[in-house]
Amino acid sequence: MNDQQLLRYGRHILLDEFGIEGQQRLLASTVLVVGAGGLGSPAASYLAAAGVGRLILADDDKVELGNLQRQILHTTGRVGWPKAESGRHMLAALNPDIAIEAVVARLDGASLDEQVARADVILDCCDNFATRHAVNKACVNAGKPLVSGAAIRFSGQVSVYDMRQPDAPCYNCLFPEAHGARELYCAITGVLGPLVGIIGSVQAAEAIKLMTGMGEPLVGRLLCLDALTMQWQTLRFNRDPACPVCAGRSVPSADGPQH
Ligand SMILES: [Zn+2]
């Protein structure tokens with residue numbers, strides 16, 4: 001690390017649990033952020049500021065005026081830009097020390113597998129169940145940790161599905177795809193702007209913990225926030241042995257390739 005980096009990341013390095021070693025791990029890490037909207041904005045901003053060496057920001061959408069109430073990666077002057085490009089512009093200004101890739105596409109199939117394979121941690125910051133389940137499957141197959149967040153109206157939730165751990169549940173264990181839960185979109189129902197900021201920030205914190213090995217990630221715990229009363233609840237859940245997505249998955253052994 002050079003002097004500029006020691007200065008830039010000093011407040012993290014000062015933390016005993018973090019230290020120079022933690023910072024070096026972040027600088028050597030790649031994170032995939034799926035979605036450059038309300039959750040992806042704070043999540044990617046904090047990860048860029050923290051010095052994650054390579055950020056891949058994927059979104060197929062364009063910036064609209066109605067996004068700006070909460071999607072703080074974007075500005076009035078960039079309405080009409082692809083969100084991934086607008087986000088890259090903002091993150092590069094925040095931290096020119098890191099590599100930022102904009103992927104202007106809805107990742108699925110082989111393109112999703114390819115980007116997941118490159119990443120050490122994946123953040124699901126999208127707004128629809130189809131993508132959430134596709135990202136979960138890709139992470140289960142690749143044995144990668146997933147930090148998933150969601151927010152609508154005044155309710156937010158976040159959890160970590162760490163597929164490096166043999167007993168860790170996956171997203172589908174908790175929210176089975178077959179149940180066909182009703183999809184809610186904030187374009188129809190509304191969402192409190194700072195709520196996505198809170199949940200996206202929790203996602204960034206969990207991702208940093210996973211990369212540095214600090215603390216205890218939200219594995220097997222769903223953290224729920226009601227912003228109207230500002231009360232948090234933690235729901236514990238287990239792996240579903242009959243889960244069609246993760247049952248029988250192989251977990252990389254301690255001697256195998258790991259990050
Ligand atoms: Zn599962």
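1. Arg153 sits in the loop between strand 5 (145-152) and strand 6 (155-162), where strands are DSSP runs of E of at least two residues, helices are runs of H or I of at least four residues, and both are numbered from the N terminus. This is a predicted model, in which local features need pLDDT of at least 70, side-chain atom pairs count only at pLDDT 80 or more, and totals for chains, interfaces and linings use all residues. Residues are numbered from 1 along each chain as its sequence is written.

2. The phi of Arg153 is near 50 degrees, a positive value in a residue other than glycine. Most residues other than glycine have a negative phi. Arg153 has 15 other C-beta atoms within 10 Å and is therefore partly exposed (buried means 20 or more such atoms, exposed 12 or fewer, partly exposed in between, with C-beta atoms placed from the backbone).

3. Met230, which is not a glycine, also has a positive phi, of about 55 degrees, and lies in the loop between strand 7 (221-226) and strand 8 (231-236). Met230 counts as exposed because it has 9 C-beta neighbours inside 10 Å.

4. The open sheet is formed by 8 strands in the order 3-2-1-4-5-6-7-8, with mixed pairing (two strands pair if DSSP finds at least two bridges between them). Its edge strands are strand 3 (99-103) and strand 8, each pairing on one side only.

5. Strand 4 (residues 121-124) pairs with strand 5 in the parallel sense over 3 bridges, and Asp124 has Ser148 in strand 5 as its bridge partner.
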